[in-house]
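Hi,

Here is the structure I promised to pass on. Have a look at it first, and then read on for what turned up.

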Amino acid sequence: MLAGSASSGLSVHDFALAMFDEDGALDTSIGEAGLVTTDVSPGQAFADDFAEDLAIQADGRIVLAGRNTSATFNDLAMVRYTDRGEVDESFGGDGEGILITDFHGAGDRGNDVAIGPDGKAVAAVDAANGGSFALARALP
């Protein structure tokens with residue numbers, strides 16, 4: 001699996017997830033030709049979303065962490081997917097499968113994500129433009 005960002009050519013980026021089969025070939029049974037994209041900031045102008053890391057839970061669900069951006073802010077963004085690359089709407093508490101957290105009003109970015117022994121996702125965050133460090137623990 002790979003996490004990153006994808007653009008439709010309009011210079012707006014979304015979270016991207018690519019999955020591969022056991023032979024290393026792109027799994028084209030998911031998403032569009034094997035690529036799943038998620039707009040973390042729908043309806044926001046100049047909103048770019050960049051996934052920086054992924055972790056796989058024991059049940060196969062996949063958590064991506066990164067940032068959503070606009071002309072005025074960056075916030076930690078996390079998205080959880082099922083083992084088949086569909087957004088897990090039970091994550092995030094709003095029924096969208098997305099968790100966005102603001103630590104300092106601007107400049108927050110999820111750099112790494114890990115799954116703890118309790119099954120919860122923990123993201124390491126570069127907060128406030130590199131001046132602070134934070135941890136965000138997402139409940140399942």
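Let's start with a salt bridge: the side chains of arginine 61 and aspartate 88 meet at 3.1 Å, N to O. (A salt bridge here is a side-chain nitrogen of Lys or Arg within 4 Å of a carboxyl oxygen of Asp or Glu.) The pair ties together distant parts of the chain, with arginine 61 in the loop between β4 and β5 and aspartate 88 in the loop between β6 (74-81) and β7 (98-101), 27 residues apart. Strands are DSSP runs (E, at least two residues), numbered from the N terminus. Arginine 61 is partly exposed at a relative accessible area of 22%, while aspartate 88 is buried at 9%. For those words, buried means under 20% relative accessible area, exposed over 50%, and partly exposed in between (1.4 Å probe, protein chains only). Both residues also belong to a network of salt bridges that links Asp59, Arg61, Arg80 and Asp88.

Before going further, a word on the source: this is a predicted model, in which local features need pLDDT of at least 70 and side-chain atom pairs count only at pLDDT 80 or more, while totals for chains, interfaces and linings use all residues. Residues are numbered from 1 along each chain as its sequence is written, and side-chain values use heavy atoms, leaving out hydrogens and water.

How many salt bridges does a search of the whole structure find? It finds 8. Another one joins glutamate 52 and arginine 67 (2.9 Å, N to O). Glutamate 52 sits in strand β4 (residues 48-56) and arginine 67 in strand β5 (residues 62-69), 15 residues apart. Glutamate 52 is partly exposed at 37% relative accessibility, but arginine 67 is buried at 18%.

Now for the strands. β2 (residues 13-18) has 5 of its 6 residues buried, so it is largely enclosed by the rest of the structure. β2 pairs with β1 (residues 2-7) in the antiparallel sense over 6 bridges; two strands count as paired if DSSP finds at least two bridges between them. In that pairing, glycine 4 stands opposite alanine 16. β2 also pairs with β3 (residues 35-38), again antiparallel, over 4 bridges, and there phenylalanine 15 faces threonine 38.

Further along, 3 strands make an open antiparallel sheet in the order β8-β9-β10. β8 (109-115) and β10 (132-138) are the edges, each with a single partner strand, so one side of each has no neighbour in the sheet.

Cheers
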